[in-house]
Amino acid sequence: MKIDNSLPLEYSTGQNQANILGFWIFIGAEIMLFGTLFAAYFTLVDRTGNGPTGADIFEIAPLLIETFVLLTSSFTIGLAIHAMRLGKQKAMMAFLGITLLLGLVFLSVEIFEFNHFYHVGAGLQTSAFTAILLTTLGTHGGHVTFGLLWGTAIILQIRKRGLTPETANKSFIFSLYWHFLDVVWIFIFSFIYLKGLM
């Protein structure tokens, strides 16, 4: 494996560069997935039947907590990659750990929110609106859950193997994934929650 020391560690081999390109292609597929969910949501948002509307079930406090912790986690994952590029493994792992902790807080609040939806009668079978709302939020939450497992595996690999071109590449690709989830959340926050609260 030929290593190009003039490039950042995560780009330092041909395989690493191919992995990153492949992941950008995967992100394109993910954009299509969430784009489809948003299109379905915009189509079904007014189909509430006898069920509640967004204004009836959305609460601002959990929404603000979710948004704050997820956007802060985007900052901390950026700090983790910066530390990685400086070769500071302990700092990188600390920032990665903080990122995962914030992701866990986000997921906990989202579970609380789903519980609230259930108790106010907003289930999957209540209406087309609640079905697509829960599907969209659940898909994003499922991605965050997967991210928590993936990030934990990366921390364990770095602890065992140190910062290598391979572990740096995996960490960088994970950061792309995490930033993507944050961008999706901005769309959810803006076009589902804020619009629904108005």
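Buried means under 20% relative accessible area, exposed over 50%, and partly exposed in between, with a 1.4 Å probe and protein chains only. At 2% relative accessibility, Tyr-177 counts as buried.

The model is predicted: local features need pLDDT of at least 70, side-chain atom pairs count only at pLDDT 80 or more, and totals for chains, interfaces and linings use all residues. Residues are numbered from 1 along each chain as its sequence is written, and side-chain values use heavy atoms, with hydrogens and water left out.

Start with the annotation. An unreviewed UniProt entry places the feature "transmembrane region" at residues 21-43, 63-81, 93-112, 132-156 and 176-194. UniProt positions follow the numbering used here, feature names are shortened, and annotations may be inferred rather than shown by experiment. Two of these segments can be checked against the fold. Residues 93-112 are 100% helix and 0% strand, and their end C-alpha atoms are 29 Å apart. Residues 132-156 are also 100% helix and 0% strand, with end C-alpha atoms 36 Å apart. Helices (H or I, at least four residues) and strands (E, at least two) are DSSP runs, numbered from the N terminus.

Now the rings. The structure holds 20 aromatic pairs. Rings of Phe, Tyr and Trp (its six-membered ring) pair if their centres lie within 6.5 Å; planes under 30 degrees apart count as stacked, over 60 as edge-to-face and the rest as tilted. Tyr-41 and Phe-129 form a tilted pair, 6.1 Å centre to centre with 55° between the planes. Tyr-41 lies in helix H1 (residues 14-44) and Phe-129 in helix H5 (residues 128-161), so this pair ties together parts 88 residues apart in sequence. Both Tyr-41 and Phe-129 are buried.

Phe-146 and Tyr-177 pair edge-to-face, at 5.9 Å centre to centre and 80° between the planes. Phe-146 lies in helix H5 and Tyr-177 in helix H6, so the pair ties together parts 31 residues apart in sequence. Phe-146 is partly exposed, with a relative accessible area of 46%. Ring pairs also link Phe-146 and Tyr-177 into a cluster with Phe-23, Phe-26, Trp-150, Phe-174 and Trp-178.

Phe-42, Val-183, Phe-187 and Phe-191 make a nonpolar patch of about 360 Å². Such a patch joins nonpolar side chains (Val, Leu, Ile, Met, Phe, Trp, Tyr) within 5 Å, from residues with over 30% relative accessible area and no salt bridge. A salt bridge is a side-chain nitrogen of Lys or Arg within 4 Å of a carboxyl oxygen of Asp or Glu. Helix H6 (residues 165-197) gives the most to the patch, with three residues. Phe-187 is found in helix H6 and is partly exposed, at 40% relative accessible area.

Notes
Patch = residues over 30% accessible without salt bridge, like charges linked within 9 Å, V, L, I, M, F, W, Y side chains within 5 Å. Areas by Shrake-Rupley, 256 points an atom, 1.4 Å probe, with all protein chains shown as cover.
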